[in-house]
Amino acid sequence: MTLLLSQWRAEWLKLLMRKRTYIGFGAFIAMELVILFVAQRQGPETFYRRMIERQGGMFESHFSALTLGFLVLAFSAALLGSIYLALVSGDIVAKESEDGNLRLLLARPVSRLRLLAVKYATCTCYAWLLIQFIAWSAFALGVYMRGFGGGMFVFAPEQGLAELWDWDEGLRRYAMCSVFLGASMTTVSSVAFFFSCFRIKPAAATIAALSYMLVDTILLRTNLLSSYEYLLITTYLESWVRVFVEPIPWALLARNYSVIAAVNISLFALGTAWFCSRDLKS
Amino acid sequence: MPLIEVQHLTKAWRKDKPALDDVSFEVGYGQIVGLLGHNGAGKSTVLGITLGMVRPDKGEVRIGGESVQKNRAKALQQIGAIFEAPVFYDYLSGWQNLRVLCSLSGWWDEQEARRILKMVNLLDRAGHKTSTYSHGMRQRLALAQALMPRPKCLLLDEPTDGLDPEGIREFREFVLKLKNDFGMTILLNSHLLAEVELMCDRCVILKEGRKVYEGPVPSKDAGEARYRIESPDLEKARALAAQFGAAIHADGAVDLPPDILGHEFVRRLVEAGVRVESWQKNRRTLEDCYLELTGPNA
């Protein structure tokens with residue numbers, strides 16, 4: 001166990017010392033500032049005022065830091081977050097293989113399974129942490145712009161959600177949604193990791209993962225496969241919004257996150273099996 | 001018992017052309033063995049299989065009695081490896097690179113790390129990013145990381161490639177020191193025949209995936225010694241030589257029977273009135289042997 005932890009620490013050291021790791025963090029701060037700025041311009045503000053008042057709330061209290069935080073998560077985390085997660089996870093094996101670092105690593109008495117398990121654990125944790133960063137930095141910027149307290153308005157037309165919450169319950173559900181969204185986004189990392197295990201350029205692994213996720217989302221959005229929605233991973237990844245439904249559909253969440261866990265494990269197992277069967281020729 | 005046993009390795013990347021065809025050899029404790037061959041002869045495939053990175057179609061490699069194919073982790077605990085143009089994480093320092101690599105061996109001793117870095121003359125630069133290292137410094141860091149799990153054996157894959165002559169000499173002296181002072185066993189894959197000749201006790205020569213020679217480095221093999229004579233009285237010398245059971249060839253090469261020593265033969269020729277202008281040992285060099293075995297006429 002100590003050995004595994006020291007190997008995990010070494011993997012984190014590699015990840016955290018790379019500039020690329022921080023691109024996502026920087027990009028999201030910029031993105032959040034833009035979204036929060038635009039959301040307070042007259043057009044969007046009028047739209048939100050109408051929506052909140054239609055639900056019986058007061059714009060001044062319900063257009064709060066939590067509402068702005070949710071806005072950032074709903075409109076940017078899944079799309080822009082996917083790009084940065086795919087970038088980091090697509091690199092994690094393929095880049096080392098391309099650069100030649102893997103030869104030195106595999107000349108050590110460590111199994112390929114262990115090596116990949118450590119890398120997979122690192123990139124899924126990174127996915128979760130990046131989402132936490134996005135959620136709480138958006139909240140912090142929202143607090144800076146709108147102050148602490150008020151209510152919360154959740155608007156997610158794709159899921160048919162338009163709900164009002166008081167501050168305490170809203171904050172609790174916001175915290176829960178950040179945890180669930182983080183778990184959903186580990187699948188993007190898993191897909192990129194899976195492609196990274198093949199004999200492939202790191203950029204190709206990233207693009208393949210993003211393409212898969214985009215095609216899946218487009219198929220879901222256009223209802224072309226409405227009878228087969230259960231086959232599209234995006235169906236399950238969007239479950240995080242369900243924490244804003246009253247009462248919370250725990251059974252549905254449990255089922256959907258079990259599917260996500262199964263998909264992640266399958267992608268890890270398939271990627272690892274392929275990698276372990278590969279000859280690493282110099 | 002040898003430290004490394006390569007047993008009947010066969011590997012084909014393509015069906016019609018085997019990369020290795022039943023290659024077997026051994027590396028004894030404390031020996032430096034050179035692995036030679038043209039490009040594509042299968043040297044890197046042998047090293048790949050020895051490190052468990054390549055799966056053989058047949059055969060296996062045993063290190064200290066442990067099969068790499070069956071118990072890779074245990075077998076690899078006994079070796080360290082260096083590759084041609086070693087690649088490190090450029091955004092990490094030399095020290096951090098060592099820590100990352102050693103974490104995979106489950107071994108880290110800060111004192112030992114400092115000692116080895118000092119030994120390879122890199123302690124002062126260990127805190128700098130490896131992107132600032134020269135090729136020679138990278139090679140020394142590669143050597144340090146290979147020595148970190150205290151291996152019994154080193155696998156060196158083209159270790160002097162790209163080094164300047166001073167770097168090559170420094171590297172050679174260090175490797176010989178490892179052998180002489182610490183009894184380290186070394187398997188060296190190199191194109192540089194002169195390096196192999198200077199460093200190795202034995203060599204294995206591969207040609208198109210097959211072993212064509214295994215034995216002492218030819219120039220170091222006393223049994224292979226021949227002589228060369230220069231004389232204006234070559235015909236007379238040849239007639240005398242025949243009486244002693246020796247033979248002098250047209251190019252001056254002399255084959256002596258085992259019971260006559262070189263200086264004794266010369267004394268007999270001179271006493272018989274043959275003028276000898278030059279008499280020297282004419283050993284087959286590694287290059288002669290290598291070209292003989294791998295050249296187009298082999």
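**Labels and their grounds**

Modeller: Strand β2 (residues 17-27) of chain B contains D22(B). Please bear in mind that the model is predicted.

Colleague: What makes the phi of D22(B) worth noting?

Modeller: The phi of D22(B) is positive, about 55 degrees, although D22(B) is not a glycine.

Colleague: Why is D22(B) called partly exposed?

Modeller: D22(B) has 14 C-beta neighbours inside 10 Å. A residue needs 20 or more to be buried and 12 or fewer to be exposed, so D22(B), with 14, counts as partly exposed.

Colleague: And E158(B): is that residue buried or exposed, and how do you know?

Modeller: E158(B) has 20 other C-beta atoms within 10 Å. The cut-off for burial is 20 or more, so E158(B) is buried. E158(B) lies in the loop between β7 (153-157) and α6 (165-182) of chain B, and has a positive phi near 45 degrees without being a glycine.

Colleague: What is said of the peptide bond from E246(A) to P247(A)?

Modeller: That bond is cis, with omega near -10 degrees. P247(A) is in the loop between α10 (233-237) and α11 (250-277) of chain A.

Colleague: Let us turn to helix pairs. Why are α5(A) and α7(A) called roughly antiparallel?

Modeller: The axes of α5 (residues 65-99) and α7 (residues 112-146) of chain A cross at roughly 155 degrees and come within 9 Å. Angles over 145 degrees count as roughly antiparallel, and α5(A) and α7(A) are therefore roughly antiparallel to each other. The crossing of α5(A) past α7(A) is right-handed. By class, the residues in this contact comprise 23 nonpolar, four polar and two charged.

Colleague: Which residues bring α1(A) and α7(A) together?

Modeller: From α1(A) there are Q7(A), W8(A), E11(A), W12(A) and L15(A), which meet V118(A), K119(A), A121(A), T122(A) and Y126(A) of α7(A). The class count for this contact is six nonpolar, two polar and two charged.

Colleague: Which residues touch the most other members of the largest nonpolar core?

Modeller: They are L73(A), C153(B) and L188(B), in a core of 149 residues. The largest share of this core, 18 residues, is supplied by α5(A). Leaving aside residues up to four places away in sequence, C153(B) touches several residues, among them L3(B), I63(B), M184(B) and I186(B). A second, separate core has eight residues, including A237(B), I248(B), F265(B) and L269(B).

Colleague: How many residues of the two chains are in contact with each other?

Modeller: 24 residues of chain B contact 24 residues of chain A. On the chain B side, α1 (43-50), α2 (72-76) and α3 (94-105) each supply at least two residues, and α3(B) gives the most, with seven. The residues of that side divide into 15 nonpolar, seven polar and two charged.

Definitions and conventions: Residues are numbered from 1 along each chain as its sequence is written. Chains are lettered from A and ligands numbered from 1 in the order in which they are written. This is a predicted model: local features need pLDDT of at least 70, side-chain atom pairs count only at pLDDT 80 or more; totals for chains, interfaces and linings use all residues. Two residues are in contact if their C-beta atoms, placed from the backbone, lie within 7 Å. Helices (H or I, at least four residues) and strands (E, at least two) are DSSP runs, numbered from the N terminus. Ala, Val, Leu, Ile, Met, Phe, Trp, Tyr, Cys and Pro count as nonpolar, Asp, Glu, Lys and Arg as charged, and the others, Gly among them, as polar. Axes are lines fitted to C-alpha atoms, for helices over the stretch in contact, and angles run from 0 to 180 degrees between N-to-C directions. Angles under 35 degrees count as roughly parallel, over 145 as roughly antiparallel, 65 to 115 as roughly perpendicular and the rest as oblique. A crossing is left-handed if the near helix is turned anticlockwise from the far one by less than a right angle, and right-handed if clockwise. A nonpolar core is a set of buried Ala, Val, Leu, Ile, Met, Phe, Trp, Tyr and Cys residues joined through C-beta atoms within 7 Å.
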